[in-house]
Amino acid sequence: MSGADAALARPRAYPEPLREQGQCEVFCGLSAIVWLHRKMHDTFFLVVGSRTCAHLLQSAAGVMIFAEPRFATAILQERDLAGIADCHDELDSVVNRLLERRADIRTLFLVGSCPSEVIKLDLDKAAERLNQGPLGLAGGGRVKVLAFSGSGLETTFTQGEDQCVAALVPELPRLPSGARNLLVLGTLADVVEDQFKRVFDALGIGPVHFIPGIDTTAFPPVGEGTSVLFAQPFFNETAGLLASRGARLLSAPFPFGVEGTLAWLGAAARAWGVSDEQFERVTAAPAERARGSLGRYREVLAGRRMTFLPDSQLEIPLARFLARECGVELLEVGTPYLDRRAMQPELDLLPDGVRLVEGQDVERQLDRVAAERPDLTVCGLGLANPLEALGLRTKWSIELVFTPIHGFEQAADLAELFARPLLRSAALKV
Amino acid sequence: MQLTVWTYEGPPHIGAMRIAASMRAVHCVLHAPQGDTYADLLFTMIERGERRPPVSYTTFKARDMGTDTAELLKTRVQETYERFRPDLLLVGEACTAELLQDQAGGLAESMGLPIPVVPLELSAFSRQENWGASETFYQIVRRVLHAQVPAPGAAARASVSERCAGRRPRANLLGPTSLGFRCRDDVVELTRLLDSIGVDVNLVAPLGATPADIARIPEADFNCCLYPETAASACSWLERMFKQPTVKTVPIGVGATRDFLSEIGALTGIDVSAAIEASTSRLPWYSRSVDSTYLTGKRVFIFADATHAISAARICTEELGFKVVGLGTYSRELAREVRAAAARYGVEALITDDYLEVEAQVAALHPELVLGSQMERHIAKRFGVPCAVISAPHHVQDCPARYAPQMGFEGTNVIFDTWVHPLMMGLEEHLLTMFRGDAEFHDEATPSHLHAPAKTPPATPQTPETVSLAEGGPTAQTAPDAGVAWSPEGERELKKIPFFVRGKARRNTELFAAQRGIQTITVETLYDAKAHFGR
């Protein structure tokens, strides 16, 4: 805790990022559905959009694993746009057909898309109407209908999760005054949640709730006694809504690597008045174990030059982890947008001289990659193979949102994700 | 609104991207919101493309819509031209941009770039990917060849045999595209095949062609329309404008390859009988060899793009001795052709782009083999039915490293192997029946080369996905009514049936009983059902 504290104690104005505008090579917020539906077992995500939305979802998911997944697209057609059909009537009939077939669904998210926003289809209103309908919770049915936007006009990739969770906030009951709780925000693998729960228990911090959770019918309460700890760096909208309900937002680096995890747990520990001794007693062993297993990958990664192209908002925290715990030399760290509130503790820890780029002009960015030839470039799937073909090693960034990478026990797994392309490249003789 | 779980085809601008990515010296600018760049990964991941598809996007966001998205488009067009210096620029709109009505194509045309700019009207809300590919290819061909179209009343083009006097005829291979099924190898195979009858390939397009190549299309004596999904409109325009004949047979399968050669022979006056005689296909002999007897009457369900579905139905029926029990396509533009083919095999065509409808039909028909796209592979996997992929949309595992064409005589060898191997057993099936009473040969036996007795595998945990599948998926439709039960004798008799077909026998018998309101399945019911389903 002391190392991170020392760094936090000397905040400095980080140099302004270079801002670029051009072609953005990022997913839209709809892609968050791919992991959100797996976390929330009783939900269905109905995108109201175009064939492009449906195609994106199945391409981002990679393969079609499920007969009937818990997401689908209501595709707008010529007759909907021409006003021949009433969009709201059409939507009602699609939803009713869907819910009749799926008795397992408790929460239905109507997800807005670029086309639904451009034609100004009001999905909040639709959700309200459906809730009053025969299947809706308010109408005596079993399904709560909520709406959020995953459109590329409003959201970049992981912001889809922010929008979804923000839609849940009004559903959270009020925390009685005098009570307190800790809300951990951001989809985590179940195993990681359990690990964190055990640590919080040992620290005497609780009750702890994770959002989004498996069961969307049992919402944790929120109020003035609530402290919010962000497990992911993309909760701008949700943070504002929780703050307006009186919750206290804890500021901390994100729980990647040993240092990040210590600082993150430390923020909760301070809010709960946990003594340094107890904090040390609970965290020393797992931290030491994580440092030990990280060592192997540090050997591979130390001194390697890396560039992050903007993608999931995880770039800055992961770059910090790689630089400080794995000895990586950072050339460029791109981020789709810079959320100062969320990122300041991370920026404070970034080494000097890193080129920080906000926004994207993919062509110019690729020019820099080609000129600097980093040892590893973290980028999206559309760019990875073309860069490999230039003799450059890459790490697909989407894996970073699907793989458990948070906390002490995953610190080495996280480093391994970056070491693997380098080890593989060294092994191949063809 | 149309409720869609999975989609066979992408939106039409994906088709435009496929044409751009197939060609050289062509670039496409898409007016599209942020996020639509996901499509790049289809090319770089499924086909393992070594270059980014030559597509630039405006990637507009909400804040751009407050200002001027049209201006953004012009900037992107200008930057793209300067950076990539293509010989031809395609400009189209993805669905959202179509709603903005910026008239992207017209705007770009008016910019005065020193290269042909082809505006695309893609009808994002009514059309799909293959139509988009076809339309884009057609527009390119029209644009490049516009100036060469003979004036009305110009001298009629000589017949193919007259034109070719004293030289080898030249053919264009039209239709192969990026992300098409096995196009890369089909082109190689057909180039060899045509060479063997003395025909040269003038050019292949769109795959590998430049706009300058497109300009040479009229130099060929005829066109081979290999994939009507993408090339039929261009071929028919060339036929109308340049009187350039089209060879329409798609050479997938032994019979179709022979017909393809015969059609060219008739057109050019070349005697193709020697080439047909010298066929390197092993399929006819493999299919006649006695171990193939077990293929007789295997029930096959086919669902694919129209080209591959129609070809597959003919191969199954005439060349492998299967029985086609279902035939369908998601290619609405070619529904008529598929319906006609289905009528030939005595089945009703399934024309749909609803994946759940296809799944329901597979469940109802109980096929022994499914030939389809990536989607049908998943359906078949869930039902435990063998499957081979024969058409796009396909996944990375269907872009093999080895030479694996579908067309021509080598294509028939590839097809024999890949369609028959999933069925696996051949002669083995007879052996299994013969030895089924042996002590070592039952479903719980340990393989004889392993000494430890097999442990019962743990029950598959009920993940939420399998739960939802059980509730909404096909199992619910095939499960018997709760009223049907097995008598002890019936159950004992069922156990005597070889384990690898027992599951099917159980399902069929229960279905049979349920349909007839039989409460208890006896030995008699079992054999009645066997007689009913048997062939």
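These legends walk you through several close-up views of a predicted model.

Residues are numbered from 1 along each chain as its sequence is written, while chains are lettered from A and ligands numbered from 1 in the order in which they are written. Because this is a predicted model, local features need pLDDT of at least 70 and side-chain atom pairs count only at pLDDT 80 or more, whereas totals for chains, interfaces and linings use all residues.

**View 1. Where chain A meets chain B.** Here 57 residues of chain A are in contact with 56 residues of chain B (contact: C-beta atoms, placed from the backbone, within 7 Å). On the chain A side, two or more residues each come from α3 (51-60), β3 (71-75), α4 (78-81), α5 (87-101), α6 (114-118) and α16 (381-389). Helices (H or I, at least four residues) and strands (E, at least two) are DSSP runs, numbered from the N terminus. With eight residues, α3(A) gives the most to this side. By type, the chain A side divides into 31 nonpolar, 13 polar and 13 charged residues. In this scheme Ala, Val, Leu, Ile, Met, Phe, Trp, Tyr, Cys and Pro count as nonpolar, Asp, Glu, Lys and Arg as charged, and the others, Gly among them, as polar. For the complex, the predictor gives an ipTM of 0.93 and a pTM of 0.89.

**View 2. A strand pair across the two chains.** β3(A) and strand β1 (residues 2-4) of chain B run antiparallel, joined by three bridges. Strands pair if DSSP finds at least two bridges between them. Look for A:Thr73, which stands opposite B:Thr4 in β1(B).

**View 3. An enclosed strand in chain A.** Strand β5 (residues 144-149) of chain A has six of its six residues buried, so it is largely enclosed by the rest of the structure. Buried means that 20 or more other C-beta atoms lie within 10 Å of a residue's own, with C-beta atoms placed from the backbone. Both faces of β5(A) are covered: A:Lys144, A:Leu146 and A:Phe148 are buried on one side, and A:Val145, A:Ala147 and A:Ser149 on the other. Strand β4 (residues 107-112) of chain A runs parallel to β5(A), with six bridges joining them. In this pair, A:Val111 stands opposite A:Phe148.

**View 4. A four-stranded sheet in chain B.** The strands of this open sheet follow the order β7-β6-β8-β9, with parallel pairing. At the edges are β7 (200-205) and β9 (246-247), each pairing on one side only. Four bridges link β6 (residues 170-174) and β8 (residues 222-225) of chain B in the parallel sense, and B:Leu174 stands opposite B:Cys225.

**View 5. Domains 2 and 3 of chain B.** An automatic or database domain assignment gives chain B domain 1 (12-128), domain 2 (166-277), domain 3 (283-428) and domain 4 (477-533). The C-alpha centres of domain 2 and domain 3 of chain B are 25 Å apart. Between them, 21 residues of domain 2 are in contact with 26 residues of domain 3. On the domain 2 side, α9 (183-196), α11 (228-242) and α12 (254-268) of chain B each supply at least two residues. The largest share, six residues, comes from α9(B).

**View 6. A stretch of chain B to view with care.** Chain B averages a pLDDT of 89, and 88% of its residues score at least 70; pLDDT is the predictor's confidence in each residue, from 0 to 100. Over residues 453-481 of chain B, the pLDDT is below 50, and this stretch has 40 contacts in the model beyond near neighbours in sequence. Where pLDDT is low, the predicted coordinates should not be read in detail.

Terms used: Contact = placed C-beta atoms within 7 Å. Buried ≥ 20, exposed ≤ 12 C-beta atoms within 10 Å, placed from the backbone.
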